[in-house]
Amino acid sequence: MAWPAKSKDLNPIEHVWDMLGRWIVGRSVPPGTIHELQQALLQEWALLPQQAINDTIARMLRRCQACIPARGYHTRY
């Protein structure tokens, strides 16, 4: 499938990175150094539920189907 230049990223890992980033931001004590950020990412990655990743992958067909008629512009997915 050709991906329109304006389409949102249809790569599931980008949505997983976004989820991971939101978990980092939501920590009670945000990381203050690069080392702390690295440790926080490793900790949150280990806690990331596999089901959340599976759900993201399962939604990809719907995301792709929504992107086609939108011609790569914003979709609700």
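Me: Before the fold, what counts as a helix or a strand here?
Reply: Helices are DSSP runs of H or I with at least four residues, strands are runs of E with at least two, and both are numbered from the N terminus. The model is predicted.

Me: How much of the chain is buried?
Reply: Of its 77 residues, 25% count as buried.

Me: Which residues are in the largest nonpolar core?
Reply: There are 5 of them: V16, M19, L48, A52 and I53. Two elements, α1 (12–25) and α3 (50–58), each give two or more residues to this core.

Me: And L48, what does it touch?
Reply: Leaving out residues up to four places away in sequence, L48 touches V16, M19, W23 and I53.

Me: Switching to the outside. Which residues form a nonpolar patch on the surface?
Reply: I34, L37 and L41 do, and together they have about 270 Å² of accessible area.

Me: Where is L41?
Reply: L41 sits in helix α2, which covers residues 34–47.

Me: Last one, what is the accessible surface of the chain?
Reply: About 5,700 Å², with 60% of that belonging to carbon and sulfur atoms.

Note on methods
Residues are numbered from 1 along each chain as its sequence is written. This is a predicted model: local features need pLDDT of at least 70, side-chain atom pairs count only at pLDDT 80 or more; totals for chains, interfaces and linings use all residues. Side-chain values use heavy atoms; hydrogens and water are left out. A nonpolar core is a set of buried Ala, Val, Leu, Ile, Met, Phe, Trp, Tyr and Cys residues joined through side-chain atoms within 4.5 Å. Buried means under 20% relative accessible area, exposed over 50%, partly exposed in between (1.4 Å probe, protein chains only). Contact means heavy atoms within 4.5 Å. Accessible areas come from the Shrake-Rupley method with a 1.4 Å probe; for residues, only the protein chains shown count as cover. Patches are made of residues with over 30% relative accessible area and no salt bridge: like charges are joined within 9 Å, nonpolar side chains (Val, Leu, Ile, Met, Phe, Trp, Tyr) within 5 Å. A salt bridge is a side-chain nitrogen of Lys or Arg within 4 Å of a carboxyl oxygen of Asp or Glu.
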